[in-house]
Amino acid sequence: MGATWVFAEITPDGVYPGTLELLTKARSLDTDVAAVALGPGATSAAAELGAHGARTVYASDDEAFADHPGRVAAHTLHALIGRDAPSLILFPGTYEGRDVAGCLQALTGSTLMANATDIESAQRARTEIFGGTKIVDVDLAGPEPRLVLVRPKSFPAEPSGGTADVVTVDTVTPPGPTATVVERHAEAASGPKLEEANVVIAGGRGLGGPEPFSMLDDLAAAIGGAAVGASRAAVDAGWVPYAYQVGQTGKTVKPEVYIAAGISGALQHVVGMKGAKRIVAINKDADAPILKMADLGVIGDLFEIVPALTEEVRRRASS
Amino acid sequence: MNVTVLVKFVPNPTGTPALGPDNLLVRDAGDGALDPGDEYGLELALQLVETGGGEVTVVSMGPAEALAGLQRGLAMGAHRGVMVTDPGLRGADTLVTARVLAAAVARSPYDLVIAGVESTDGYTGTMPTTLAESLGVASITAVRKLEPDGDDFRAERQTESGFDVLTAPKPAVITVTAGATQPRYPSLKGIMAAKSKPVETVSAADLGVTDLAATQTVAAVTDAPAKAGGEIVTGDDAVVRIADFLADAKVI
């Protein structure tokens, strides 16, 4: 059997934390674990990747990987695969991970499983469907390497204390047309970071517009140290920026308390918040799926309950 | 400019999904719909041809029932449809799907192919990139704004921390984020007109794709451990109960 590789996503802030989770899992599957880190900052990330289980880090600091997202990395990975023949490659389930894995699949013709929550071997992985109510074990077949995109926070990131040999990678310039990044823009979010907040208060379609999010801001301020998030429905509607989004294509949060206001509980949202220690759901629809997973489900009008709760929290704080 | 939009017919997004005896998602329960995530890209396509001329083709793959999704696209204003339906494609994985759809797309000239970022039933989010590489054209994912710029497209791509601007030469494949546009509702006139628009129905063999074997098979489906039943409250006590709950959790 060939090695297990982890695609190490390199962001402007360093190694994407999900990469370290994948390395932790990979070393429980295989003694021969390598990370592939492509883009500016890759070489300096090698020590951290080694300390989480990569024995080899294939690295390149070439700007081309950041300037042409997905495709250059996929073609470079394809060349490495041709040389060193891994059996399994794990990717973080991010936009970047999806783009690289999706392009690579066209080159290798190998299987690509998305949304994995656990990996048993290069032949079998696990996912959850229907809001996490069903567990599905999937047999993987076809040519190696098998490609698996893993949901963030499926595993803890634990250091191994190891060190990695760094192998410098030559960039493969793909044939044909490739998209190019010509500008980068940051959109700053205010308040505590969603992923780090002790309490997350999230609003969904039930809020009906952008203005009611100020009610959630008020409650967050009354609780103190709380962050405001949103479901994809509210982000799609343009009520709040993408940075608020909790769920499959947004942030994964694990706060002490998650308060879902006017959120029905679609699968795509649930996967981003089901790791919360305690869940409170406020919904006027008694059949909303979110009420089934809530520790405290409140059936009622959030436009009355949220402001009253803010008052109650303030009253207790001052008494 | 000719735009091809990939659309998917999905089980009712607000209903309760179910697995059949073969452990595949039940797709013919009669209450399916065009994936709401596809309407943003369809709207973008319609706007592009309204300003720049050309035609919008909608392409879908699925069981016979999925024609209803294609028809909604035609009712919104697309000019023609291609429906790929084949019993051999039941349970198709992303590689087979990408190869089949790439072959369907390549049958007619296109400047742009648009898909959703991810489907509402599968959430895979990789198929359009695989399709682009199979077609040998550039791709940009998670696009929230796009405009033609001479021989190129110029797109804003959603990122974790903001957005990037990318350029890609025509033809290109993009995925469009939900919320990128405000999809129109089909008018009565549009619904009537859709009935006479050309729809071509093809099989995988018609497209020259013969290897339909899926590389992923479901080995087992089990129920996740049930979560202990939570407490449900209604009425006037709710506010005090939530506050007590937050106090128990030591967050207030």
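Visitor: At roughly what angle do the axes of helix H3 (residues 94-105) of chain B and helix H4 (residues 127-135) of chain B cross?

Guide: They cross at roughly 50 degrees and come within 8 Å. Axes are lines fitted to C-alpha atoms, for helices over the stretch in contact, and angles run from 0 to 180 degrees between N-to-C directions. A caution on the source: this is a predicted model, where local features need pLDDT of at least 70, side-chain atom pairs count only at pLDDT 80 or more, and totals for chains, interfaces and linings use all residues. Residues are numbered from 1 along each chain as its sequence is written, with chains lettered from A and ligands numbered from 1 in the order in which they are written.

Visitor: Why are H3(B) and H4(B) called oblique to each other?

Guide: Angles under 35 degrees count as roughly parallel, over 145 as roughly antiparallel, 65 to 115 as roughly perpendicular and the rest as oblique. The crossing is roughly 50 degrees, so H3(B) and H4(B) are oblique.

Visitor: Which residues of H3(B) and H4(B) meet?

Guide: Leu95(B), Ala98(B), Leu101(B) and Ala102(B) are among those of H3(B); Met127(B), Leu131(B) and Leu135(B) are among those of H4(B). Contact means C-beta atoms, placed from the backbone, within 7 Å.

Visitor: What does H3(B) lie across?

Guide: H3(B) lies across S1, S4, strand S5 (80-84), strand S6 (112-116) and S11 of chain B. The helix runs at about 150 degrees to S4(B).

Visitor: How do you know that S1 (residues 3-7) and S4 (residues 56-61) of chain B pair?

Guide: Pairing takes at least two DSSP bridges between two strands. These two have 5, in the parallel sense. Leu6(B) stands opposite Val59(B) in S4(B).

Visitor: What makes strand S12 (180-186) of chain A an edge strand?

Guide: The open sheet has 10 strands with mixed pairing, in the order S12(A)-S9(B)-S8(B)-S7(B)-S10(B)-S6(B)-S1(B)-S4(B)-S5(B)-S11(B). S12 of chain A and strand S11 (199-202) of chain B each pair on one side only.

Visitor: Why is strand S10 (residues 146-150) of chain A called mostly covered?

Guide: A residue is buried if 20 or more other C-beta atoms lie within 10 Å of its own, exposed if 12 or fewer, and partly exposed in between. In S10(A), 5 of 5 residues are buried. Both faces are covered: Leu147(A) and Leu149(A) lie on one side, with Arg146(A), Val148(A) and Val150(A) on the other.

Visitor: Which residue is the bridge partner of Pro92(A) in S10(A)?

Guide: Val150(A). Ala116(A) also stands opposite Val150(A).

Conventions
Helix = DSSP H or I, 4+ residues; strand = E, 2+ residues; numbered from the N terminus. Contact = placed C-beta atoms within 7 Å.
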